Amino acid sequence: MTDSTGSTAAAADDGTAGAGAAPRPRRPRTRARRGLSPGRRLPAARFIGPAVVLALWAGGSAAGQLDPGAIPAPWTVLRTAARLWTDGTLPTDVGTSLRRAGYGFAIGLTAGVLLALASGLSRVGEALIDGTVQLNRAIPTLGLIPLFILWLGIGETFKVAIIAIVVYIPVYLNTHAALSGIDSRFVELAEVQGLSRLRFVRQVVVPGALPGFFVGLRLAVTGSWLGLVVLEQINATSGLGYMMFQAQNYGQTDVILVGLLVYGVFGLVSDSVVRLVERRVLSWRRTLSN
């Protein structure tokens, strides 16, 4: 005779359910995780696109598909840049442009940050400042050039002032938006903890406003170069814009492209520096970019 208890246990060991035994739960099937993130950052990713454009430009010039009079070949532009650098024209113009952009950028950055703090941390400041800045933003900045020439003269001062306006507007807008977006629960927590005004600004306001500030800073860096190329064609005796304006009068397309490439390099490098600083300062954030 076969023992019924032993047969039931054996059936259970074999994975079959005996009479009255509860069925063993099935294991859920595991699905492969889908990679939704952009993936690892490519090395020197920001320079891949310009390198592709340069390769297409060189290929089209070598194949004779581009008119040399309208778009000179890259090697022609490089020879022109070397000649301008050797005779001292390009270093002088680059130094003048950097000085103008630096002065205007420093003034605009300081004004944008201070106005954003005054407007974002005070209702009175917001009432006095925000509407005025929004009105200024609605007016084309380059349209202010004739008025600023009448006010400040046609020298260097009005150029620096226009660049400062171009810079301060994006810095103010993005920093003020970041300040307005700080969670009110953090403010309540700071009040419960009894933080002073200075510690509140340092520990709550600054970390909360930094992401927006860096967005505005990137826009301001690009805007300073865009404004400079126009301003240096108005009663200027040096600078990259002046060099390009003179080249236009003499039909020197290669010189114009040299100026445009220098502007482009300055813009790309300055933006990359800002992004690098942003990643270091905001390394505590977990975002798609990092």
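Asp271 is buried, with a relative accessible area of 8%; buried here means under 20% relative accessible area, exposed over 50%, and partly exposed in between, using a 1.4 Å probe and protein chains only. The side chain of Asp271 meets that of Arg218 in a salt bridge, 2.9 Å from N to O. A salt bridge is a side-chain nitrogen of Lys or Arg within 4 Å of a carboxyl oxygen of Asp or Glu. The pair links distant parts of the chain, with Arg218 in helix H9 and Asp271 in helix H11, 53 residues apart. Arg218 is partly exposed, at 26%.

Before I go on, a word on the source. This is a predicted model, in which local features need pLDDT of at least 70 and side-chain atom pairs count only at pLDDT 80 or more, while totals for chains, interfaces and linings use all residues. Residues are numbered from 1 along each chain as its sequence is written, and side-chain values use heavy atoms, with hydrogens and water left out.

Now the overall fold. The protein has 11 helices and 0 strands; these are DSSP runs numbered from the N terminus, H or I of at least four residues for helices and E of at least two for strands. Of the 290 residues, 33% are buried.

Back to salt bridges. The count comes to 5 by this rule. Arg100 forms one with Glu156, the closest N and O atoms being 2.7 Å apart. Arg100 is in helix H4 and Glu156 in helix H7, so the pair ties together parts 56 residues apart in sequence. Arg100 is buried at 3% relative accessibility, whereas Glu156 is partly exposed at 39%. Arg100, Glu156 and Glu232 are linked in a network of salt bridges.

Another pair is Arg123 and Glu126, with closest N and O atoms 3.1 Å apart. Both lie in helix H5, 3 residues apart, about one turn of the helix. An α-helix has 3.6 residues a turn, so residues three or four places apart point the same way. Arg123 is exposed at 71%, and Glu126 is partly exposed at 25%.

What does H4 pack against? Its buried residues pack against H3, H5, H7, H9, H10 and H11, where contact means heavy atoms within 4.5 Å. Among those buried residues are Leu90, Arg100, Gly104, Gly108 and Gly112. H4 has 32 residues and reaches 46 Å from its first C-alpha to its last, close to the 46 Å expected at 1.5 Å a residue; the expected span is 1.5 Å times one less than the number of residues.

Next, the nonpolar core, a set of buried Ala, Val, Leu, Ile, Met, Phe, Trp, Tyr and Cys residues joined through side-chain atoms within 4.5 Å. The largest has 46 residues, and Ile162 and Leu240 touch the most other members. H7 gives the most to this core, with 11 residues. A second, separate core of 8 residues includes Ala178, Ala190, Phe200 and Val205. As for Leu240, residues that it touches include Leu90, Val94, Val262 and Phe266, not counting residues up to four places away in sequence.

H7 also holds Thr175, which is buried at 5% relative accessibility. Thr175 touches Ala116, Ala209, Gly212 and Phe213, under the same exclusion of residues up to four places away.

Last, H11. Val265 lies in this helix, residues 253-281, and is partly exposed at 47%.
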